[in-house]
Amino acid sequence: MSERKPVGMPFESWIDRQIREAEERGEFDDLPGKGKPLPNLDRHLDDMWWIKQKVQSEGLSMPLPPTLALRKDAERALAEAHGARSETEARRIVTEINERIREAIRTGLSGPPLNLMPFDAEEIVAEWRRANRKR
């Protein structure tokens, strides 16, 4: 299908001929999904549908804006602190995420508003103590 369209021939005729000849040669016989409906034909697609589909099919994830990534990291750190093996570990986790939060507040990050303040380490450690006293 690398030949060029002859001058004066309409594109539609030339394309139809290329497809017909490829069908006659059997080039479409072993395509995956042959005879099956196309997925999601009835679903409304936004302008970025093809990018989202490619990301999903490749098993990738879209990077978050830095402020949202920090919020997600803060939630994860809070959960890790509550599930820490020791009070010292819980305090270390909170201290590390608080340093990142303070740095982001001081320097600013791109993305939506951060809407995040450093955690009260003493309160989280107290919660950890209460939860681990019951065990």
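Reader: Which residues in helix 4 meet helix 5, and what do they meet there?

Author: Glu87, Ala90, Arg91 and Val94 in helix 4 meet Ala121, Glu122, Ile124, Val125, Trp128 and Arg129 in helix 5. To meet is to be in contact, with heavy atoms within 4.5 Å. This is a predicted model, where local features need pLDDT of at least 70, side-chain atom pairs count only at pLDDT 80 or more, and totals for chains, interfaces and linings use all residues. Residues are numbered from 1 along each chain as its sequence is written, and side-chain values use heavy atoms, leaving out hydrogens and water.

Reader: What makes helix 3 roughly antiparallel to helix 4?

Author: Helix 3 (residues 66–82) and helix 4 pack at an angle of about 165°, with their axes 9 Å apart. Angles under 35 degrees count as roughly parallel, over 145 as roughly antiparallel, 65 to 115 as roughly perpendicular and the rest as oblique. The angle therefore makes helix 3 roughly antiparallel to helix 4. Angles run from 0 to 180 degrees between N-to-C directions, and axes are lines fitted to C-alpha atoms, for helices over the stretch in contact. Helices (H or I, at least four residues) and strands (E, at least two) are DSSP runs, numbered from the N terminus.

Reader: Why is helix 3 called oblique to helix 5?

Author: Here the angle is about 40°, again with axes 9 Å apart. That value falls among "the rest" in the scheme, so helix 3 is oblique to helix 5. Leu78, Ala81 and His82 in helix 3 meet Ile124, Glu127 and Trp128 in helix 5. That contact divides into 4 nonpolar, 1 polar and 1 charged.

Reader: Why are Glu24 and Arg20 separated by about one helical turn?

Author: Because they are 4 residues apart in helix 1 (residues 11–24).

Technical notes:
Nonpolar A, V, L, I, M, F, W, Y, C, P; charged D, E, K, R; others polar.
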